[in-house]
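Below is a briefing on one structure, arranged by topic.

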Amino acid sequence: MNLLPLLPEVAAAGAGTAAFAVLFHVPAAFYLRCGVIGGCGWLCYRLLMAAGLTAIPAVFCATVLVVFLSRLSAVVRRCPVTLFPVSYTHLRAHETCADL
């Protein structure tokens, strides 16, 4: 699979997640990390959808990745883990009624 077409999507997902972080008043020091986590979650979701999974297992796996990266970031940066689930919120914002 060619990953080059996914780069703009991953960048947009990261930017969108960082924007959600601003909206939810996350401290500015964590914007980049939130964006990276959101981009990773979107990349996981898109790769699993391209591999043939349906939306529900793809969203579940992407959410597990986002939760793991959020927890890891909270431990590394010694901050509350509640700062990073904004990445999960952005992933859920892309679901539609057809996905539910």
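**Helix α1**

The face of α1 turned away from its buried side carries two exposed residues, Pro8 and Leu23; exposed means over 50% relative accessible area, buried under 20%, and partly exposed in between, with a 1.4 Å probe and protein chains only. This is a predicted model, in which local features need pLDDT of at least 70 and side-chain atom pairs count only at pLDDT 80 or more, while totals for chains, interfaces and linings use all residues. Residues are numbered from 1 along each chain as its sequence is written, and side-chain values use heavy atoms, with hydrogens and water left out.

- The buried residues of α1 are Leu6, Val10, Ala13, Gly14, Gly16, Thr17 and Ala21.
- These residues cover an arc of only 165 degrees around the axis, which puts them on the same side of α1; the arc is taken from the directions from the helix axis to the C-beta atoms.
- An α-helix has 3.6 residues a turn, so residues three or four places apart point the same way.
- Helix α1 spans residues 6–23, 18 residues in total, and reaches 25 Å from its first C-alpha to its last, close to the 26 Å expected at 1.5 Å a residue; the expected span is 1.5 Å times one less than the number of residues.
- After α1 comes His25, with a positive phi near 60 degrees.

**Salt bridge**

- One salt bridge is present in the structure, defined as a side-chain nitrogen of Lys or Arg within 4 Å of a carboxyl oxygen of Asp or Glu.
- Its partners are Glu9 and Arg46, with the closest N and O atoms 2.8 Å apart.
- Glu9 lies in helix α1 and Arg46 in helix α2 (residues 31–50), so the pair ties together parts 37 residues apart in sequence.
- Glu9 is partly exposed at 29% relative accessible area, and Arg46 is partly exposed at 30%.

**Cysteines**

- Zero disulfides are found in a search of the whole structure, a disulfide being a pair of cysteine sulfur atoms within 2.5 Å.
- For Cys34, the nearest cysteine sulfur is that of Cys79, 8.6 Å away; Cys34 is buried at 0% relative accessibility.
- For Cys44, the nearest cysteine sulfur is that of Cys61, 6.1 Å away; Cys44 is buried at 18% relative accessibility.

**Whole chain**

- The protein chain has four helices and zero strands, where helices (H or I, at least four residues) and strands (E, at least two) are DSSP runs numbered from the N terminus.
- Of the 100 residues in the protein chain, 36% are buried.
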